[in-house]
Amino acid sequence: MAPCDVYWDQHVPLPALPPLRAKDLRPTTPLSNIWTNDFWGSNLSSNSSHKSYRPLTVLTFRLNYLLAGGLHPVGFHVPNVALHAVISALMVDVFAVLIGGLARGDGGGVRNQAPKASLLAALLFAAHPVHTESLSFLTYCKALHRGSDRSEGKLSLQWVVLSLLLCSAAMLCKEQGITVLGVNAAFDVLLICNVNVLELSQRLLLGRNSIDVSELVRTGLPSRLALLAVGGASMFYARWSIMGTGPPAFTEVDNPASFAESMFLRIVNYNYYYSLNAWLLLCPWWLCFDWSMGCVPLIKSATDWRIVWLLLLWCVLIGLVSQALCSRNSQRRRTLTLGLVLLAVPFLPACNLFFRVGFVVAERVLYLSSAGYCLLLAYALGHCCSRWARHRRLLGVCVLALLGVYVVRCALRSHQWRSEQSLFTSALLVCPLNAKVHYNVGKNLADRGNTSAAISYYREAVRLHPTYVHAMNNLGNILKEREELTEAELLLSKAVAIQPDFAAAWMNLGIVQNSLQKFREAERSYRNAIHFRKKYPDCYYNLGRLYADQNRHLEALNAWKNATVLKPDHSLAWNNMVILLDNIAFIRRLNGGSSMRGAQGEENTPQKPVCVLRGASIRLCVFRSIFCNLGQAELIGREALKLLPHDHTIMFSLANVLGKLQKYEESEGFFLLALEINPNAASCHGNLAVLYHRWGKMELAKRHYELALRLDPEAPGTRDNYKMLLPGLIK
């Protein structure tokens with residue numbers, strides 16, 4: 001039996017749903033890891049960390065994992081839908097306060113003064129196809145409910161503190177959560193204290209009339225804003241410290257505009273990105289899981305026609321802001337201002353103003369902003385109904401049609417998310433220039449066995465993005481499997497030249513070079529992979545395989561031992577150590593002049609001995625060495641089974657060793673256990689038959705020889721051994 005085949009590494013950076021490295025979700029991973037790792041499972045201190053610190057989100061995913069019994073989509077999707085439904089129901093009250101203002105009923109509670117508009121806004125929010133988060137703002141509303149009677153000058157500060165605590169929890173779910181503080185501050189200024197922002201600005205800038213500071217102090221506004229500012233600054237400092245006092249390192253493919261040549265081009269492209277986000281809110285038909293890698297080509301000159309869209313965006317925003325500040329209707333000023341705040345403030349972390357972000361457009365960051373959009377849309381529709389009362393029925397039909405379109409689009413998008421194939425294929429229609437989309441379509445096709453189609457998508461990904469090392473790596477993998485080794489070596493060599501620390505590509509290059517008999521180059525490639533990824537058990541395994549091919553047995557054993565130290569459940573490494581020691585014993589038995597045939601009918605070609613021993617006394621040393629190697633193989637096999645008690649391949653290899661040590665009963669037990677797990681293993685039946693043959697249990701030997709031949713008529717040596725058995729049965 002020859003050592004196992006080479007382990008082939010495929011680097012698969014698929015878009016993330018839950019944390020795809022999934023190690024932090026599993027019960028075997030210490031719970032403390034979620035507080036030191038980022039959202040994707042990398043340690044925050046690592047240079048490759050995304051710095052997305054979201055431990056509470058990972059904790060909820062871990063709970064989903066436990067309740068669903070694994071990484072089953074339903075276990076994650078159902079809670080998300082339920083949470084969105086709860087948030088949408090709560091938003092009815094929020095929109096009622098934002099649109100209708102504050103009014104107390106007879107019972108002392110807050111009365112909904114805009115029931116239809118708030119319900120419509122909540123329905124639009126619930127059905128909008130762009131979505132994912134929000135909550136602590138509701139607690140600030142609670143502060144108002146408990147003690148915002150301005151005539152008494154009372155306000156429940158403990159509820160403001162609770163809002164800060166919930167804001168901290170929101171930030172531990174997603175960084176965008178801290179923007180709730182800005183929304184809370186605007187809510188306090190505009191709604192609780194009813195401050196006219198335009199009038200206040202004129203007083204401050206033009207010196208018109210004095211500001212009644214005592215009135216503001218009486219309302220408690222300065223103390224609340226100071227509390228929000230201190231809380232926000234503390235959260236910023238804590239988040240910055242956790243991140244390692246440095247932002248994550250993004251590349252040009254993540255956010256091309258931030259790498260534009262001039263400040264003018266960066267500003268123009270950032271604003272174009274804003275217009276794309278606004279379009280997704282207005283018309284959420286073009287939805288894509290990833291907008292990077294050429295999906296949105298850069299605007300490189302002032303003559304690019306797409307500048308029209310960002311000019312249109314700012315015209316609309318300036319019009320809304322002027323209405324929000326200058327309208328004589330106080331309710332309109334308040335509603336439009338709060339709507340614009342809810343639209344813009346949650347989007348600030350994604351706007352590239354304060355730091356570079358790692359995406360071009362991301363639908364997930366529009367969750368809170370969509371609430372502001374729905375508020376403005378519902379208010380606009382309500383205004384149209386009151387102004388054009390004759391056409392109220394027509395407007396109602398249009399609103400119902402809009403809701404219907406939203407629901408249909410949600411259903412269609414949900415269907416696209418049901419499988420990787422439909423998700424990636426749908427992205428091709430939206431972003432045909434996105435190299436990552438072509439890469440993921442190719443990866444999905446390769447996983448389903450359609451490598452011919454996968455090659456064309458990988459080639460297109462490399463054509464669209466000539467430095468796309470992951471596409472080169474996976475394309476090289478497929479070409480290697482198709483025995484197109486020269487092109488595979490060329491692609492992988494180019495990948496490591498572009499990204500010298502790409503450990504997986506170095507390892508795969510070593511595998512190709514090994515197949516091309518370029519052993520020295522292969523060893524160098526494996527060493528480079530280990531240099532760039534210190535804990536790389538699969539590379540140690542492949543390095544051991546290279547040494548075994550070159551008869552460098554001790555180095556092979558050391559490499560495989562390193563693999564098992566780094567990854568104790570590395571079955572292939574454990575199994576190959578047992579097989580190699582078994583093979584060494586077999587070679588030495590041949591060199592020692594023994595006439596005994598291998599007890600279990602080894603399938604490997606005997607390797608040439610390192611040295612030839614002569615003489616009777618030396619032959620005795622050979623046999624001692626044989627049993628020493630077999631004893632080591634037995635110890636390693638038993639140690640492996642403690643870690644992998646259900647691995648039938650290790651049971652099979654250990655049974656072979658025990659048979660050669662004449663421990664027939666133990667050998668039989670491991671063979672039978674292996675057959676319980678894998679009853680159709682012809683080699684296991686054949687070697688068990690050899691064991692019975694040596695043991696003198698001829699009927700059992702005959703039965704297992706026949707089973708082996710039935711499963712694999714061409715099994716090497718089995719038919720010859722069976723023919724040797726038949727004369728003994730006749731006698």
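For "transmembrane region", the unreviewed UniProt entry lists residues 81–103, 270–287, 307–326, 338–359, 365–382 and 394–412; UniProt positions follow the numbering used here, feature names are shortened, and annotations may be inferred rather than shown by experiment. The model is predicted, with local features requiring pLDDT of at least 70 and side-chain atom pairs counting only at pLDDT 80 or more, whereas totals for chains, interfaces and linings use all residues. Residues are numbered from 1 along each chain as its sequence is written, and side-chain values use heavy atoms, with hydrogens and water left out.

**Transmembrane annotations**
- Residues 307–326 are 100% helix and 0% strand, with end C-alpha atoms 28 Å apart; helices (H or I, at least four residues) and strands (E, at least two) are DSSP runs, numbered from the N terminus.
- Residues 365–382 are 89% helix and 0% strand, and their end C-alpha atoms are 27 Å apart.

- Residues 469–502 are 79% helix and 0% strand, and the end C-alpha atoms are 8 Å apart.
- Residues 503–536 are likewise 79% helix and 0% strand, with end C-alpha atoms 9 Å apart.

**Positive phi in loops**
- Most residues other than glycine have a negative phi.
- E483, in the loop between α18 (469–481) and α19 (485–498), has a positive phi near 65°.
- At 59% relative accessibility, E483 counts as exposed (buried means under 20% relative accessible area, exposed over 50%, partly exposed in between, with a 1.4 Å probe and protein chains only).
- N551, in the loop between α22 (537–549) and α23 (553–566), has a positive phi of about 60°, and its relative accessible area of 30% makes N551 partly exposed.
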